[in-house]
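Reader: I have just opened this model and would like a guided look. Could you take my questions one at a time?

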Amino acid sequence: MTPWGRARGLYNGPVPINAEGAYLFRHSVVRDAAYQLQLPSDRANLHALALEVLDGLFGRENLGSLVFELVEHARLALSHPGELGIQRCREISDLEEQLLVLAAQEAKQLNLHAQAVGYLERLLEKTTSAQRRVLAFTKLSDAFNKLGALPRSEESARSAVALARSEGLHQLLPGAMFTLGGALLAESRNDAATRVFDEALTLARTERDQNVEGAALGFLAVSAWRRGHIDLAESHFSNALAVLHAGNDRSLLARHLGNYGLMKAECGHHARAL
């Protein structure tokens with residue numbers, strides 16, 4: 001008799017279970033019953049205590065998937081804040097914002113993009129920090145892009161750009177613009193993406209920022225490549241790589257070298273791509 005048959009009541013005999021399984025089952029039932037018997041305020045205090053102990057033990061670096069547990073403790077601790085006191089609530093709330101950022105990063109690394117969206121939306125509901133909001137909108141756009149929700153990806157990127165402009169966050173504006181351009185490229189709106197990258201290039205040259213200038217040229221190259229303008233893409237890639245070689249961001253250089261190699265391979269220049 002299959003477990004499915006037993007579950008449907010087609011089998012009336014005893015269900016075999018070993019001692020370990022019985023213990024774990026009873027332990028889980030008793031634990032949940034004990035938890036539910038606590039007053040909501042007491043449960044909030046328990047979660048606050050668990051959060052503070054775990055945060056003290058592990059800190060906030062290299063948490064891995066433990067961050068998901070910590071961010072849930074923070075949420076439940078603040079579900080009944082009256083018993084925690086004003087100062088303690090503020091500390092836990094600030095910690096929760098930090099943990100939501102880390103949880104979204106960890107979810108992205110694990111390709112749990114829908115989960116990342118949930119954490120980022122929670123962060124946007126909580127935080128009043130303009131800087132955190134711009135970064136959250138930028139990462140939210142990327143997560144929606146990965147999920148194929150392209151209109152929402154564009155919407156989030158536009159929110160990031162608008163907020164960075166209105167708050168004068170010039171250091172965050174290029175990244176938001178690149179995210180918006182990427183969202184537009186994903187929607188095959190190559191001309192619109194090119195305009196965004198052109199604006200980012202002008203901004204970079206005004207600010208004399210080599211890394212941003214190189215990145216903007218690299219994204220213009222990708223846009224030209226997408227439109228079939230290979231000679232223009234070649235020129236942009238050449239300029240981008242020259243600027244990035246003179247800069248100090250090796251990851252950007254590697255990214256655009258990779259894109260250049262992909263274009264050369266697609267054009268049949270396999271030896272050059274390698």
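Reader: How many residues does the largest nonpolar core have?

Author: Happy to start there, and please keep in mind that this is a predicted model. Leu51, Ile92, Leu99, Tyr119, Val134, Phe178 and Phe197 have the most contacts inside the core. The largest share of this core, ten residues, is supplied by helix H11 (residues 210–226). In total, the largest nonpolar core has 73 residues.

Reader: Which residues is leucine 99 in contact with, leaving aside its neighbours within four places in sequence?

Author: Leucine 99 is one of the residues with the most contacts inside the core. Once the neighbours within four places in sequence are left aside, its partners are Leu51, Leu63, Val67, Leu70 and Val71.

Reader: Does histidine 236 count as buried or exposed?

Author: Histidine 236 sits in helix H12 (residues 230–246), and beyond four places in sequence it is in contact with Leu217, Leu220 and Ala221. Buried means under 20% relative accessible area. Histidine 236 has a relative accessibility of 16%, so it counts as buried.

Reader: And where is phenylalanine 58, and is it buried or partly exposed?

Author: Phenylalanine 58 is found in helix H3 (residues 40–58). Together with Leu49, Val53 and Leu57, Phe58 forms a nonpolar patch on the surface, with about 400 Å² of accessible area for the four together. Phenylalanine 58 has a relative accessible area of 46%, so it is partly exposed.

Reader: How many helices and strands are there in the chain?

Author: From the N terminus on, the elements run α-α-α-α-α-α-α-α-α-α-α-α-α-α. The count is therefore 14 helices and zero strands.

Notes. Residues are numbered from 1 along each chain as its sequence is written. This is a predicted model: local features need pLDDT of at least 70, side-chain atom pairs count only at pLDDT 80 or more; totals for chains, interfaces and linings use all residues. Side-chain values use heavy atoms; hydrogens and water are left out. Patches are made of residues with over 30% relative accessible area and no salt bridge: like charges are joined within 9 Å, nonpolar side chains (Val, Leu, Ile, Met, Phe, Trp, Tyr) within 5 Å. Accessible areas come from the Shrake-Rupley method with a 1.4 Å probe; for residues, only the protein chains shown count as cover. A salt bridge is a side-chain nitrogen of Lys or Arg within 4 Å of a carboxyl oxygen of Asp or Glu. Helices (H or I, at least four residues) and strands (E, at least two) are DSSP runs, numbered from the N terminus. Buried means under 20% relative accessible area, exposed over 50%, partly exposed in between (1.4 Å probe, protein chains only). A nonpolar core is a set of buried Ala, Val, Leu, Ile, Met, Phe, Trp, Tyr and Cys residues joined through side-chain atoms within 4.5 Å. Contact means heavy atoms within 4.5 Å.
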